[in-house]
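User: Got a model to go through with you. Can we start with the pockets?

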Amino acid sequence: MEPITADSPGLWNKLVYMLSQVIVGLSHLFKNNYGLGILCFTIIMRLILVPLYHFQMKNSEKMQMMQPEVKALREKYASRDPETQEKLGKELEKLNQKYDMNKWAGILPLLIQLPILTALYQAILRTKALTTGNFLWMELGKSDPFFILPILAAVAMWYSTYLMQVSSGNKSVATTVMQYAMAGMMFLIMMGLPSAVSLYMATANVFTIGQMLLLNNPYQKQQDRKEKELKEKELEHRLEKARRNPRGKKRK
């Protein structure tokens, strides 16, 4: 790849150069420590994206709430003929409006982060200071020789998807397989990329875990669900007991 400069033509090159200069500028604050510059850049970017992730979490909660109604509609309109499926589509659209669902909320953070990650990757490869910089045991322009950052990125990915399952209460064989598959793919991809990119992803994934625990504590939601289920069972038990022993029934 050609080195990136202020004179590089094209809108994409302008974005890559801008990210390059932001990281270099942040690194100067840490006495030209480019690893710390990338860490600082990652945290700033994730802080900017916090409102978007919060919106995504709220959207996921709405999706969870509407699932029983979605299931009921699919059972009601189970026939595969075009007329029935059209009715199902209209009913699902009404349900989305009822819950104010946004179908793009689930993938919007990824759509925003993907070009940033791609631009960051190019910024690292096309900026001499970043390709020759060192941080801890790594040369930022080369892959992590001990695979520590790829492992950290993969484990953080695994735990963040696990927290999503805890939050939603939707754990199945399929979601568990996806959880491990995503972590495995993260490791395989990161182990071949420059350490600077692995540093970005590992930091971003760890930040996501902290963000979920602080803004949308999955364990608290799990506890709330258990308490709700317990109360529902107790109520059902009392109702069943009342049906068996109605008031006014004379005992022999």
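User: What classes of residue make up the lining of the second largest pocket?
Analyst: Seven charged, two polar and one nonpolar. Asp, Glu, Lys and Arg count as charged; Ala, Val, Leu, Ile, Met, Phe, Trp, Tyr, Cys and Pro as nonpolar; the others, Gly among them, as polar. This is a predicted model: local features need pLDDT of at least 70, side-chain atom pairs count only at pLDDT 80 or more, and totals for chains, interfaces and linings use all residues. Residues are numbered from 1 along each chain as its sequence is written, and side-chain values use heavy atoms, without hydrogens and water.

User: Which residues line the second largest pocket?
Analyst: Glu61, Gln64, Met65, Ser167, Lys221, Asp224, Arg225, Lys228, Glu229 and Glu232.

User: Which helix gives the largest share of that lining?
Analyst: α10, with six residues. Both α3 (50-76) and α10 (218-244) supply at least two.

User: How much space is in there?
Analyst: About 370 Å³.

User: New topic. Which residues does UniProt list as "transmembrane region"?
Analyst: The unreviewed entry lists 36-55, 104-125, 145-164 and 176-193. Such annotations may be inferred rather than shown by experiment.

User: What does α9 span, first C-alpha to last?
Analyst: 30 Å over residues 195-215, close to the 30 Å expected at 1.5 Å a residue.

How values were computed. Helix = DSSP H or I, 4+ residues; strand = E, 2+ residues; numbered from the N terminus. Expected span 1.5 Å × (residues − 1). 1 Å grid on protein atoms, 1.4 Å probe; cavity = no way out; pocket = protein on both sides within 12 Å on 5 of 7 lines; lining within 4 Å. Points joined across faces, edges and corners; volume = space filled by probe spheres on them.
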